[in-house]
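I opened the model today to look up a few points of the fold. My notes follow in the order I took them.

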Amino acid sequence: MYRISELAELVGLSRTALLYYEKLELIVAKRRANGYRVYNDEDVQTVRLIQQLQNGGLTLAECKACLKSKLDKEVLNTRYTALKNDIEQKQRSLDLLAGLLGKSESKSWHTTLAQIAPDAHLNWLKVQGYDEKQALRIRWLSKDMNEHEKYMHDFFSIFESIENWGPGSEDDTRKAFNSLGFKPQRILEIGCGNGNSTLRLAKFSDAHIVAIDNEQSALDRLSAKIALLSLDARISTHCMSMTDLEFADVRFDSDLG
């Protein structure tokens, strides 16, 4: 037999909680001649069973019903759905905190915020210590790539048959090149497109040219032109974003974009 203080220590509950259990008739104490409540092993096991049911989200009233009759599947389904939703919400909260702490990626959160509150998102990034350029880069990296693919599809449907994909001419390229005031040996061309300006740079200099674009089909067109003109030794192409360049250890004389 166990006194209430002994039962409380055994099951990890307070004396007040056990008295409440008794009030709900979940357990029933016997009285000794001196008036002390005492409980047996059956009471210990009943309390432990109730604790396990409560771990599933059941209230004490629902636990009592489970002890007296078969499980109510409707009640269990309601608790299951509520607990599942609560876990999903907490997981979203955990993912957000992990992203803000740099423990995981936070692209989806930035993407959502940039869509529903773009100005507030940008201002908040600045408050967090990012300058305008860094804040805009985070927004760019958070863009929905499905939207980018749709944009590129529409772009090519319009511009595929056009030789020049942007403003400029051979004279413009010559002027820009001559304004450098020196003859570069290594040139990084950012956003080369289908490569017209790349070939002009090769014409105006003896430099080695690294041409980058984030559209592989454009680079494929440029590679075919490079091979046709036997410029493979002087021009190399790389498919990458201008916001994520991979040339940290390489020095260029000129960055053109």
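**Entry 1: the open sheet.** I started with a sheet in this predicted model. Three strands make up an open sheet, and their order is β1-β3-β2. The pairing is antiparallel. Which strands sit at the edges? I found β1 (2-3) and β2 (30-31) there, each pairing on one side only. I then looked at how β1 meets strand β3 (residues 37-39). The two pair in the antiparallel sense, over two bridges. I also noted one facing pair: Arg 3 stands opposite Val 38 in β3.

**Entry 2: α1 against α2.** Next I turned to the helix packing. Two packed helices are described by the angle between their axes and the distance between the axes, so I looked up both values. Helix α2 covers residues 15-23. The axes of α1 and α2 come within 9 Å and cross at roughly 105°. Angles of 65 to 115 degrees count as roughly perpendicular, and α1 is therefore roughly perpendicular to α2. Which residues make the contact? From α1 I listed Ile 4, Leu 7, Ala 8 and Val 11. From α2 I listed Arg 15, Leu 18 and Leu 19. I sorted the contact of α1 with α2 by class: six residues are nonpolar, none is polar and one is charged.

**Entry 3: α1 against α3.** I repeated the search for helix α1 (residues 4-11) and helix α3 (residues 41-55). Their packing angle is about 40°, and the axes lie 11 Å apart. α1 and α3 are therefore oblique to each other. I noted the hand as well: α1 passes α3 in a right-handed crossing. On the α1 side, Leu 7, Leu 10 and Val 11 make the contact. By class, I have five nonpolar, one polar and one charged residue for the contact of α1 with α3.

**Entry 4: positive phi.** I then checked backbone angles. Glu 25 is not a glycine, yet its phi is positive, at about 65°. I placed Glu 25 in the loop between α2 and β2. Is Glu 25 buried or exposed? Glu 25 has a relative accessible area of 53%. Exposed means over 50%, so Glu 25 is exposed. Ser 230 has a positive phi of about 55° and is not a glycine either. Where does Ser 230 lie? I found Ser 230 in the loop between α12 (216-228) and β6 (235-239). Ser 230 counts as exposed, because its relative accessibility is 60%.

**Entry 5: Asp 72.** I went on to the loop between α4 (60-68) and α5 (73-100), where Asp 72 is found. Its relative accessible area is 41%, so Asp 72 is partly exposed. I also took a distance to Glu 62, which is 10 residues away from Asp 72 along the chain. The C-alpha atoms of Asp 72 and Glu 62 are separated by 8.9 Å.

**Entry 6: the whole chain.** Last, I wrote down the totals. How many helices and strands does the protein have? I have 12 helices and seven strands. Of the 257 residues, 30% count as buried.

Conventions: Residues are numbered from 1 along each chain as its sequence is written. This is a predicted model: local features need pLDDT of at least 70, side-chain atom pairs count only at pLDDT 80 or more; totals for chains, interfaces and linings use all residues. Side-chain values use heavy atoms; hydrogens and water are left out. Axes are lines fitted to C-alpha atoms, for helices over the stretch in contact, and angles run from 0 to 180 degrees between N-to-C directions. Helices (H or I, at least four residues) and strands (E, at least two) are DSSP runs, numbered from the N terminus. Angles under 35 degrees count as roughly parallel, over 145 as roughly antiparallel, 65 to 115 as roughly perpendicular and the rest as oblique. A crossing is left-handed if the near helix is turned anticlockwise from the far one by less than a right angle, and right-handed if clockwise. Contact means heavy atoms within 4.5 Å. Ala, Val, Leu, Ile, Met, Phe, Trp, Tyr, Cys and Pro count as nonpolar, Asp, Glu, Lys and Arg as charged, and the others, Gly among them, as polar. Two strands pair if DSSP finds at least two bridges between them. Buried means under 20% relative accessible area, exposed over 50%, partly exposed in between (1.4 Å probe, protein chains only).
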